[in-house]
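Open the structure in your viewer and keep the selection tool at hand. The tour below goes stop by stop, saying what to select and what is there.

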Amino acid sequence: MTKLQRFGVSVEADLLEKFDEFIHQRNYQNRSEALRDLMREALVREQWQEDEIIAGAIAFVYDHHHGQLVNHLMEVQHDHYEIIISSQHIHLDHDNCMEIILAKGPAKLVGKLYDSIRSMKGVKHVDLLRSTTGLEL
Ligand code: NI
């Protein structure tokens, strides 16, 4: 961990009051902790926008009986094997499956994989967790 550095921030009183409410609701111990998290969030968002090497997770739910969906999902994952670290498949019930793909690579490629899965017929829900390799933070 790098050395902590203090800096002063000037902010409108009512904004600070709202911020204090916000950090209280989220159980932060102090403003510094909350501010550090918000700064990291902003930097991670930037990494994704700038197409840097990122890490993320794509979680999706689908009915495995739906047409050729299982084959299409398999194909698209083979097309992106270079960025897929792992995938986990859970049989939720007789029909529904959940998969979680962990990916690391250029943000644009991970986004492309996410878009491909999202647009497939029979996929009921998809979400993308945008995270970071942690190296730049
Ligand atoms: Ni299954």
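Is Asp-37 buried, partly exposed or exposed? With a relative accessible area of 30%, Asp-37 is partly exposed. Keep in mind throughout that this is a predicted model.

**Stop 1**

Arg-40 is partly exposed, at a relative accessible area of 38%.

**Stop 1: the other salt bridges**

The whole structure has 3 salt bridges. For another, select Arg-31 and Asp-20, where the closest N and O atoms are 2.7 Å apart. Arg-31 sits in helix H2 and Asp-20 in helix H1, so this pair ties together parts that are 11 residues apart in sequence. Arg-31 has a relative accessible area of 42% and is partly exposed; Asp-20, at 25%, also counts as partly exposed.

Next select Arg-118 and Asp-115, a salt bridge with its closest N and O atoms 3.0 Å apart. These residues lie 3 apart in helix H4, and therefore about one helical turn separates them. Arg-118 is partly exposed at 48% relative accessible area, and Asp-115 is partly exposed at 37%.

**Stop 2**

**Stop 4**

Helix H2 (residues 31-49) gives the largest share of the patch, 3 residues. Leu-15 is in helix H1 (residues 13-25) and is partly exposed, with a relative accessible area of 46%.

**Stop 3: the largest nonpolar core**

Hide the surface and select Ile-58, Phe-60, Leu-113, Ile-117 and Val-123. Among the 23 residues of the largest nonpolar core, these touch the most other members. Elements giving two or more residues to this core include H2, strand E1 (53-63), helix H3 (69-79) and helix H4 (107-118). The largest share, 5 residues, comes from H4.

Which residues is Val-123 in contact with, leaving aside neighbours within four places in sequence? They are Phe-60, Val-61, Tyr-62, Leu-69 and Ile-117.

**Stop 4: His-80**

Select His-80, in the loop between H3 and strand E2 (84-91). His-80 counts as buried because its relative accessibility is 8%. Not counting residues up to four places away in sequence, His-80 touches Leu-109, Lys-112 and Leu-113.

**Stop 5: two loop residues with positive phi**

Most residues other than glycine have a negative phi. Select Asn-27, in the loop between H1 and H2; its phi is positive, near 65°. Asn-27 is exposed, with a relative accessible area of 62%. Then select Asp-51, in the loop between H2 and E1, where phi is also positive, at about 60°. Asp-51 is partly exposed, at 29% relative accessible area.

**Stop 6: a distance across the sequence**

Finish at Glu-41 in helix H2, which is partly exposed with a relative accessible area of 44%.

Methods: Residues numbered from 1 in each chain as written. Predicted model: local features only at pLDDT ≥ 70, side-chain atom pairs only at ≥ 80, totals over all residues. Heavy atoms only, no water. Helix = DSSP H or I, 4+ residues; strand = E, 2+ residues; numbered from the N terminus. Buried < 20%, exposed > 50% of the residue type's maximum accessible area, 1.4 Å probe, protein only. Core = buried A, V, L, I, M, F, W, Y, C linked by side-chain atoms within 4.5 Å. Contact = heavy atoms within 4.5 Å. Salt bridge = Lys/Arg side-chain N within 4 Å of Asp/Glu carboxyl O.
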